[in-house]
Amino acid sequence: SFSSSNPKICVVGSGPAGFYTAQHLLKARQDVEVDIYERLPVPFGLVRFGVAPDHPEVKNVINTFTQTASHARCNFYGNVNVGKDVSIDELRRAYHAIVLSYGAEGNRSMGVPGENLPGVYSAKDFVGWYNGLPSCRELTPDLSCDTAVILGQGNVALDVARILLAPTKMLKVRNTDITQPALDALAQSRVRRVLIVGRRGPLQIACTIKELREMVNLPDCRPEMVAADFEGVSEALKDVPRPRKRLTELMLKTALETPGEKEQERRSKASRSWGFRFFRSPVEVLASGGRAAGIRLAVNRLEGSGDGAQAVLTGEVEDVPCGLVISSIGYRSLPIDESVPFDSRRAVIPNSMGRVQQAAGLYCSGWVKTGPTGVIATTMNNSFDTARSLLEDMDSGALDVSSTRPGSQSISALLAERGVKAVTFSGWEKIDDVETRRGEVSGKPREKLLTVQEMLQVARS
Ligand code: FAD
């Protein structure tokens, strides 16, 4: 029920963290009102702009988020850049509490010479490009080379490798919402070989078995590994936890076992290849004619074992010719506003159980709380934890909700003064509708609008 005296909470960011936090708050109490502010005109964060287009099943969480957004006590305001269009102090005056769930929009850089050369991209931008993130529309990566090197061996690295090597036919028929310009560029791509490079060894690799299996089974593609990298690995297997054991077994099978006749034939006919390169760190991107032409890698050895093993330089280096370098060594959260504490070393908002340290009334959830690791389910759990902290504080009185706050009313007035036009959830539903219909023509679940301007136009139509 609505009452001007209801506790008013705002959430900054509409990715999984924002939506799961809102969901828990709305469910737990019959009085709280939750407003979600989002920088882009469209909701869902990395579910729309990160998750690989050939993983449509992962995007089903959107149905749950849509239910939350449709809740009578929930409102969505897209196209509002918090920290710029409206400050955190202004939100603090309008709401009883703020939950910061704005994700990790920066990326870790390699910090090596040559990393700004043409032909070098961050995985974040590359993924943003094929997923239709407006700020990455003009990336138009040069795919005219034979070999691509990806630095990093997590799931994002494997997503990028798979998209680079997947037959475009497969991306077309598998119900993907990859953008048409990306599909066209990939159809013209001359990339035939992708090396996925990691500092440490096979037992430290950061991907999961689903993503590895997809590489192993990728049509028209054969594995190309270095057998010596796997020395001693099968002996070490008995002591590792089961998920890693299964992952490593699949790697060992792929790298070392002589395949059956059918698989041999498949591999010999494949026109493309992929492989892990272990124990290597980037030293320098090598240039020729003003663009990336290779990468110099330092050769490491491992000290210690298991997850804690350290890569130590041997002093040896190795040059790998390649025309495309994609660094996939991690996303990074950015500070949002001077008034919010930020731990720039760990690149997170310092917090205990989601309560921002030394900032009563501020909470955080998702990647900005934990750092940029974990799947959607992990993000869901830590967002529920944050919601529980907030509810506890309301119950205990640590969070004072007795005074009346104006909520979105005062913020809407501020935004109007500043010429910022928020997109409501029904505005998003118009965009969704247009995208879905545009997709039907080519048998895709959606054909995304690619610019903020287009999105705003449709939302206001
Ligand atoms: P985000 O999803 O990034 O959401 C943050 C939101 O905040 C964004 O919408 C952003 O626009 C908004 N925002 C940022 N700044 C502001 C601001 N100043 N004002 C207002 N709003 C702002 N997980 C899986 O389970 N399966 C997968 O297959 C999978 N694939 C992935 C692929 C990639 C490439 C990546 C990077 C991640 C993948 N994940 C996957 C992980 C999953 O996406 C994350 O766990 C989850 O999205 C983190 O949620 P979040 O809400 O913290 O951040």
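The model is predicted: local features need pLDDT of at least 70, side-chain atom pairs count only at pLDDT 80 or more, and totals for chains, interfaces and linings use all residues. Residues are numbered from 1 along each chain as its sequence is written.

Start with the annotated site. An unreviewed UniProt entry places the feature "binding site" at Gln153, Gly154, Asn155, Val156, Arg199, Arg200, Glu211 and Gly374. UniProt positions follow the numbering used here, feature names are shortened, and annotations may be inferred rather than shown by experiment.

Look at Gly154. Gly154 sits in the loop between strand E7 (147-151) and helix H6 (155-165). Helices (H or I, at least four residues) and strands (E, at least two) are DSSP runs, numbered from the N terminus. Gly154 counts as partly exposed because it has 19 C-beta neighbours inside 10 Å. The cut-offs are these: buried means 20 or more other C-beta atoms within 10 Å of a residue's own, exposed means 12 or fewer, and partly exposed lies in between, with C-beta atoms placed from the backbone. Leaving aside neighbours within four places in sequence, Gly154 is in contact with Ala206, Cys207 and Ser328. Contact means that the C-beta atoms, placed from the backbone, lie within 7 Å.

Now move to Val156, in helix H6. Val156 has 25 C-beta neighbours inside 10 Å, so it counts as buried. Residues up to four places away in sequence not counted, Val156 touches Ala123, Val127 and Ser328.

Next come the helix pairs. Helix H1 (residues 16-28) packs against helix H14 (residues 376-396) at an angle of about 45 degrees, with axes 8 Å apart. Axes are lines fitted to C-alpha atoms, for helices over the stretch in contact, and angles run from 0 to 180 degrees between N-to-C directions. H1 and H14 are therefore oblique to each other. Angles under 35 degrees count as roughly parallel, over 145 as roughly antiparallel, 65 to 115 as roughly perpendicular, and the rest as oblique. By class, the contact of H1 with H14 has 11 nonpolar, five polar and no charged residues. Nonpolar covers Ala, Val, Leu, Ile, Met, Phe, Trp, Tyr, Cys and Pro; charged covers Asp, Glu, Lys and Arg; the others, Gly among them, are polar.

Finally, helix H16 (residues 425-440) and helix H17 (residues 452-459) pack at about 110 degrees, their axes 8 Å apart. That makes H16 roughly perpendicular to H17. Gly427, Trp428, Lys430, Ile431 and Val434 of H16 meet Met455, Val458 and Ala459 of H17. These contact residues divide into six nonpolar, one polar and one charged.

Key
Contact = placed C-beta atoms within 7 Å.
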